[in-house]
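Open the model in a viewer and keep the selection tool at hand.

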Amino acid sequence: MRRIIYCSQATTDLSPDELVALLETSRRNNERDGLSGMLLYSSQSFLQTLEGASATVERTYDRIRADTRHDNLRLLLDDESAEPLFAEWTMGFEHVDDDALGDELTGFTPATVYPLVNPDLITNAGVALTLLGLYAKNATA
Ligand code: FAD
C-alpha cells in the first residue's frame, strides 16, 4: 500500500460550501477507487494524506496537483510500504481553527498565514502524520 502526505496553499479562502463540494467529489472518487485519507484545512492551507494502491494514489495526486483551487504543493511523504492508518475514511475532514492548532503545533501563533504549508510548523512527515492522526479521531464522516 502507498501513502502520500502533501501540504498546499489554497488560492482563495474557501467558503464552507466550496469545501463541502470539494469533499463530496473527493469522497465519491475515493470510494470508487478504494482510497482512504484525511484532509485538514486551516487559514487557507491544506494538509492531506492519501492511502491506497500505488497507481491509484498516483493518478489521484496528478489530478489534485492540477487543481487550481490550490498551489504551492509540497510532498512531505511518499511511502510504498505503508500500513493503512485511515482506512475508515474515504476522506476524513477537519476545518481546524487557531486555538486547536496552537494546542498541537509547537511554535504556532494565532493568525499565522498558511500554517499547514509552513516548514517551521510542519517540520517533517512525522509531525504531519501525527497531526492528521489526531484529527482523524473526531473527523466528520
Ligand atoms: P468533476 O466531476 O469534474 O468535478 C467535481 C466538482 O468539482 C465540480 O462541481 C467542479 O465544478 C468542481 N471543480 C473541479 N475542479 C475545480 C476547480 N479547479 N475549481 C473549482 N471547482 C472545481 N479528488 C479526489 O478524487 N480525491 C481526493 O482525495 C481529492 N482531494 C483533494 C484535495 C484538495 C486540497 C483539492 C484542492 C482537491 C482535491 N480533489 C480530490 C479534487 C481533484 O483536484 C479533482 O478536482 C477531482 O478529483 C476531479 O474529479 P472529477 O473529475 O470526478 O470531478
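How far is an oxygen atom of the ligand from an N or O atom in the side chain of aspartate 67? The distance is 2.6 Å, a polar contact (a pair of N or O atoms within 3.5 Å; within protein, one must be able to donate a hydrogen and the other to accept it, and residues adjacent in sequence count only if both atoms are side-chain atoms).

This is a predicted model, in which local features need pLDDT of at least 70 and side-chain atom pairs count only at pLDDT 80 or more, while totals for chains, interfaces and linings use all residues. Residues are numbered from 1 along each chain as its sequence is written, and side-chain values use heavy atoms, with hydrogens and water left out.

Next take threonine 68: one of its polar side-chain atoms lies 2.9 Å from a nitrogen of the ligand. On its own the ligand has 930 Å² of accessible area, and the protein covers 66% of that (Shrake-Rupley method, 1.4 Å probe; for residues, only the protein chains shown count as cover).

Now show the whole shell, 18 residues with a heavy atom within 4 Å of the ligand. Asn29 and Asn30 are among the closest. Helix H1 (16-33), strand E3 (45-52) and helix H2 (54-65) each supply at least two shell residues, and H1 gives the most, with six. Helices (H or I, at least four residues) and strands (E, at least two) are DSSP runs, numbered from the N terminus.

**Helix H1**

Select H1 and colour it by burial. Its buried residues (under 20% relative accessible area, 1.4 Å probe, protein chains only) include Leu19, Leu22, Leu23, Ser26, Asn29 and Asn30. The buried residues of H1 pack against strand E2 (36-42), E3, H2 and strand E5 (92-95), where contact means heavy atoms within 4.5 Å. After H1 comes glycine 34, with a positive phi near 70°.

**The loop between E2 and E3**

Go on to serine 43, in the loop between E2 and E3. Its phi is positive, near 40°, in a residue other than glycine. Glutamine 44 is in the loop between E2 and E3 and is buried, at 19% relative accessible area. Not counting residues up to four places away in sequence, glutamine 44 touches several residues, including Ser8, Asp13 and Tyr114.

**Tyrosine 114**

Finish at tyrosine 114, in the loop between helix H3 (98-104) and helix H4 (125-136). Tyrosine 114 has a positive phi of about 45° although it is not a glycine.

Notes
Buried means under 20% relative accessible area, exposed over 50%, partly exposed in between (1.4 Å probe, protein chains only).
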